[in-house]
4 protein chains.
Amino acid sequence: MRRKIRMGMIGGGKDAFIGAVHRIAANIDGQIEFCCGALSAHADIARESGEELYLPADRIYTTYQELFEKESARPAAERMDFVTIVTPNFAHFEPAMMALDHGFNVVIEKPITLNLEQAKQLKQKVEETGLTLCLTHTYSGYPMVKQARQMVKEGKFGKIRKVMVEYPQGWLSRLSEREGNAQAAWRTDPAKSGKSGSMGDIGTHAAHLSEYITGLKITQVCADLNIVVPGRALDDDGNVLLKFDNGASGVLVATQIAAGEENALKIKVYGENGGLEWHQMEPNTLLIKWLDEPAQVYRAGQPYLSDIAKHNLRVPGGHPEGYLEAFANIYRNFALTLQAKAAGNTPTEEMLDFPSVEDGIRGMAFIDNVVASNSSDQKWYDHKI
Amino acid sequence: MRRKIRMGMIGGGKDAFIGAVHRIAANIDGQIEFCCGALSAHADIARESGEELYLPADRIYTTYQELFEKESARPAAERMDFVTIVTPNFAHFEPAMMALDHGFNVVIEKPITLNLEQAKQLKQKVEETGLTLCLTHTYSGYPMVKQARQMVKEGKFGKIRKVMVEYPQGWLSRLSEREGNAQAAWRTDPAKSGKSGSMGDIGTHAAHLSEYITGLKITQVCADLNIVVPGRALDDDGNVLLKFDNGASGVLVATQIAAGEENALKIKVYGENGGLEWHQMEPNTLLIKWLDEPAQVYRAGQPYLSDIAKHNLRVPGGHPEGYLEAFANIYRNFALTLQAKAAGNTPTEEMLDFPSVEDGIRGMAFIDNVVASNSSDQKWYDHKI
Amino acid sequence: MRRKIRMGMIGGGKDAFIGAVHRIAANIDGQIEFCCGALSAHADIARESGEELYLPADRIYTTYQELFEKESARPAAERMDFVTIVTPNFAHFEPAMMALDHGFNVVIEKPITLNLEQAKQLKQKVEETGLTLCLTHTYSGYPMVKQARQMVKEGKFGKIRKVMVEYPQGWLSRLSEREGNAQAAWRTDPAKSGKSGSMGDIGTHAAHLSEYITGLKITQVCADLNIVVPGRALDDDGNVLLKFDNGASGVLVATQIAAGEENALKIKVYGENGGLEWHQMEPNTLLIKWLDEPAQVYRAGQPYLSDIAKHNLRVPGGHPEGYLEAFANIYRNFALTLQAKAAGNTPTEEMLDFPSVEDGIRGMAFIDNVVASNSSDQKWYDHKI
Amino acid sequence: MRRKIRMGMIGGGKDAFIGAVHRIAANIDGQIEFCCGALSAHADIARESGEELYLPADRIYTTYQELFEKESARPAAERMDFVTIVTPNFAHFEPAMMALDHGFNVVIEKPITLNLEQAKQLKQKVEETGLTLCLTHTYSGYPMVKQARQMVKEGKFGKIRKVMVEYPQGWLSRLSEREGNAQAAWRTDPAKSGKSGSMGDIGTHAAHLSEYITGLKITQVCADLNIVVPGRALDDDGNVLLKFDNGASGVLVATQIAAGEENALKIKVYGENGGLEWHQMEPNTLLIKWLDEPAQVYRAGQPYLSDIAKHNLRVPGGHPEGYLEAFANIYRNFALTLQAKAAGNTPTEEMLDFPSVEDGIRGMAFIDNVVASNSSDQKWYDHKI
């Protein structure tokens, strides 16, 4: 019999940003129950956070080791099914490996690990255990992104020729990591964030989105990464020329010093017969352009959408869904997958439509390769894994 | 000690639209636990729906009478705190009265009742019992609507002079109530919906929004209601001239035969020095216009917003929140109010910022008065209660 | 043989606004030559203005009487063909009558005259003389407005059911007529402007546009006109409910106290199968909405447009044409008409597609009727002529 | 005494596109008189075109040699002041040199010549003769572009850090040069167009715009040019990474295979404190973004604009000006310059605000350098002249 899936969480205590987002996303569809957590490396904060979130006292843990140990010891009928890891990048790998070793499925914030090597080890572990790992590349969770992907897949635009993806943010325009901004502090610290700043934090989202929609793979990059704000150790800005495996070319911009921008991820894709345009900040509209015909405004919640888009929508047209619902789509699909596996069924393609450890590896390789390209005088650098 | 608030539900079984929306809205912030329901008038559907939603078998009821009786009999520590009523309009009043009589707080879909008389009785009952009733005029739950209200309140625009509010939908452009559309069927049936169609279903939202943002009250109406699609018994279209209590004038359009429109609620308000514009379908933007200065684009999630707007936001700028989050704001504020009352505290103004039985009465009077105005040859009709 | 058409002008001297617009509009397509003028009631300004505009000294006149007399005396091969009258409303009628009496064709700014009676006399004179009179309702000169009209005419939307037209401006939000604003001064003075302010100045444009696009006639009005800024003698704001001759209903808003608005004329029209939306401030886009299909973005300059739209365009898609080009379309069609008549040909429908004395009469009647409706307690007032 | 400036034209006969645009642009402000032309290399077309445009029979020439000879022989009081050259790229240089040799000022379509060497010779000739040459990079003629430039110049945004400029068109998505499209035919032919297709035709516009607004100079490029449509000889698509002389980085995309795009030139510029965004297809809006403050919507025709923007506007806010007016600004400034020089005055900075032979040289060098960069394996290529 189908049942709610039980979620634990590592990180995401008070004042963290993304942990709260994960909890909301998991809540929305009523398929997941938040049952336990090791919400902070500080015992006090872990405890207070857990209480605030109505966790039972005996399932508020102060280390992830404790979490795995004690949850493993619980009877199957109440044991956590999966753990969400929302710590900074450097603290993804160990708890993820340990989770898998203890038989727990895993949700991880992107980028998946601190480096490519860790990601590969994680992949091996996932394969060995047969457990499920989900990477929260949120933006591919949007229904109109799925509509876009479906229309490309069906060949509506003919062969894809060009991709333009940009992800400008402005929040690192000042040296805010020195002004008490905790989010800025770890993201700009190589030890915690990895070898790239803007490309790791948001460039990987843009790269993933471009591959998700087009069904193509990036094969070469030519990167110009910049440290714009003096005093910073990692790139806060970058421009990358792309080549895809079908010969299409592209441009990817990811910057965190675009003063006045919020989270303005946009993508345009062009094929032989037409193109598409999608803006994350107005996500319920997908503009479809045609040669010699008027452009069309595809809208979320409409009957003419593809099944895959409809599967990822909750309300009729004109009732805007947003970022949290896109995030929730990833959680719902993940939960449906776990339910299917629990019931001994094979998850459908629709259920499995969430980013996996494979996407994590591509993301880590993307970081490696744009950083290497940036250091090189040579124009094109192979995007190998 | 603060605890989760327990919700029951009447109506909202499988295939209903708005019940699911209420459950998502209640889920989002993790302050409410869905514990029981009488989800359909059909016992089978009630049961199946309850099971699908993971309700315990002994809290799946088949009538609302049973729900109130059995929940009343449970120990206080697990008893339902409030009930959400999401049945069609004609079936709001009786369960709401019974809920209050049994000591349960109430959330009701708008319009609050089938007629004004019932709404007045409900108000009296609310006052007698000291319980809390919340009416889900969703659109005033949007953070940028609250920002708009706050700016008007602070006098940024000077005296308000003009209001233009429009709510065009297209879904009743055809006689879909005869084609098996259950939503259309009851909404176009006077026995189930009340004495107005478009004005009851969406005109009341527009009227509420205009009063909520401006802080003014409509005092006179001049209505032109139309049955555009032949064979229909209730207005599916209407245009209303308005007068407000400070002398401002306005226009309100609510129509369900605007072919090709989704849920395109928009409002423009003008004062002596400037004005504001908000579109429900792109709700994270509030356009602020000034005499002789560039217009400003206020955006959800930004640090410069008012406290009341921030209180009703979850994520930083550029991560769009939507309809479900606006709905959730109403539920969260309602839950915070119940928590405060449970703790013996007086709820703050921020907590009490959700539509009440008073708003329900104004809505029912609005329906009465636009219908009377429409039948009258006289230009202006007093909007009295 | 085809030749350039020669234009004279009455009014439009230095510091006037609309005269310069007429001259640019007449210049654009190279079919009209500006040859003479009585550009101001002040002889000095008339002379200086004429010189600045490179008029020959002997064709700079100081009164319109002189203009008609001296131009009449010139040989046919160099005599003015038509005169453009761009004086304030009260000074339209006499020069227009005199022009026709002297055998000159006429272009007049709207509203055509100070009152309906004058407009009717003008119509009689036009008919008697067989000359051509053109009224510059600019907004129907836009190519995408013509595209809209054509699509309605072809029945793309089925029967038209509803019209929403709004024309908000903010420039009279203050008593600027007392602060030296000459444009504001005459427009708010009943002796110079006529019996209505906002409705005469811009409401007539909105009414004309709604009839032009739909091909329908307004048959009843219910008007609420307001003097919002204290100290003003004429309405600066108004809201009007409309009925059309096919039973469709409508709303028309024209206001000049919408602080922060520029010239935000917008129209939405809905039929059985779909609807259209056009914004004057982004005039190269026509949004076409459909029941159950994605909306389409029709764009100026595209091959899929109707012939009538293409006839009124100069450059390919993506090269925005604007207000001056819309104005120029009226002048070009007028010039083509005069050229055809001069050659003894019957002008085509395409050439005759500019507002005429008939439209002027409908406009004056609209002013009369909304003013009468506003003074009446009765809801509906017949829009009779 | 000030007088109208007399224009001749080479090229631009019937069926040509850009010639008509130049004539309209020259007409608009009534400062220029079109007096003669050698409008086609085909004598018949040259004659018919001249007649259609009302040129006197004795000033319709069939070769540009004839034009220069005969105009030179006319008395100064009626002789042409300048010639506009609107032939394909390969036919710019010779008539331009000859014009200067005969003492005529020159307007040339961009790109200025077929190659850099010609452009340098032209510059030398301009300097020797003291005559004026104007290059029609239309897009810097827009008033809101001038507003943008002014705000950057005044330091409103602090140091400029990043530029994103894109110019997607879709009209070469098919091999239309083989289907009778004359515009496509010469633009895709290296002998007529020069060594680049998309970069020459539109990339130079984008490069010029980015330098014009920022006041910076591009110092390095890293180009990826593509021939997307098989069978074509020149690039129809390109992506270029940029470095500017203050260290800012940038991305420039120019493509003519972006199916469904019209002429969608857009630019975003970011500085330390804020940024700006402008779209050519909605040119009357300039979006100004700020760190921590709401973005502002600067609009054409508003009193708060800079003097330089106002100087290039004709009508009040809300009356959209477009491409032809931007073009006309270049002609008007050029005419004002000639008038000033004719009167023995030094032209003001405002008058001289049109692209010059210097801009032409930078454009030709840009073409050379992106083509060279594209052929190179090295990442960065110096943008030297």
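How many bridges join strand β1 of chain D to strand β3 of chain D? The count is 4 bridges, between residues 5-10 (β1) and residues 82-85 (β3), and the two strands run parallel. Strands here are DSSP runs (E) of at least two residues, helices are runs (H or I) of at least four residues, and both are numbered from the N terminus.

Before going on, some ground rules. This is a predicted model, in which local features need pLDDT of at least 70 and side-chain atom pairs count only at pLDDT 80 or more, while totals for chains, interfaces and linings use all residues. Residues are numbered from 1 along each chain as its sequence is written, chains are lettered from A and ligands numbered from 1 in the order in which they are written, and side-chain values use heavy atoms, with hydrogens and water left out.

## The sheet in chain D

The β1 and β3 strands belong to an open sheet of 5 strands in chain D, ordered β2-β1-β3-β4-β5 with parallel pairing. Two strands count as paired if DSSP finds at least two bridges between them. At the edges stand β2 (32-38) and β5 (133-135) of chain D, each pairing on one side only. From one strand to the next, the twist averages 25°.

Helix α3 (residues 64-73) of chain D lies across β1, β2 and β3 of chain D and runs at about 125° to β2(D). For such angles, axes are lines fitted to C-alpha atoms (for helices over the stretch in contact), and values run from 0 to 180 degrees between N-to-C directions. Contact means heavy atoms within 4.5 Å.

## The sheet in chain C

Chain C has an open sheet of 5 strands in the order β2-β1-β3-β4-β5, with parallel pairing. β2 (32-38) and β5 (133-135) of chain C each have a single partner strand, so one side of each is left without a neighbour in the sheet. Neighbouring strands of this sheet are turned by 25° against each other on average, direction ignored. β1 (residues 5-10) and β3 (residues 82-85) of chain C pair in the parallel sense over 4 bridges, and C:M9 has C:T84 as its bridge partner in β3(C).

Helix α1 (residues 18-28) of chain C packs on the sheet, where it touches β1, β2, β3 and β4 (105-108) of chain C, and its direction makes about 175° with that of β1(C). Helix α3 (residues 64-73) of chain C lies across β1, β2 and β3 of chain C, at about 125° to β2(C).

## Where the chains meet

Now to the interfaces. Between chain C and chain B, 49 residues of chain C are in contact with 49 residues of chain B. Together they bury about 3400 Å², 52% of it on carbon and sulfur atoms; buried area is the accessible area (1.4 Å probe) that two parts lose on being put together, summed over both. C:R161, C:A259 and C:K379 supply 18% of the area that chain C buries against chain B, more than any other three residues.

On the other pair, 49 residues of chain D are in contact with 49 residues of chain A. The area buried there is about 3400 Å², with carbon and sulfur atoms giving 52%. In chain D, the residues that lose the most area to chain A are D:R161, D:A259 and D:K379, together 18% of what that side buries.

Side chains of opposite charge can pair when their charged atoms come close. A salt bridge is counted when a side-chain nitrogen of Lys or Arg is within 4 Å of a carboxyl oxygen of Asp or Glu. The table lists three such pairs.

| Salt bridge | N to O distance |
|---|---|
| C:D224 and B:K243 | 3.0 Å |
| A:D224 and D:K243 | 3.0 Å |
| A:R59 and A:E71 | 2.8 Å |

The last pair links distant parts of the chain: A:R59 sits in the loop between α2 (43-52) and α3 (64-73) of chain A, and A:E71 in helix α3 of chain A, 12 residues apart. Across the interface of chain C and chain B there are 10 salt bridges, and the count between chain D and chain A is 10 salt bridges. Over all chains, the count comes to 118 salt bridges.
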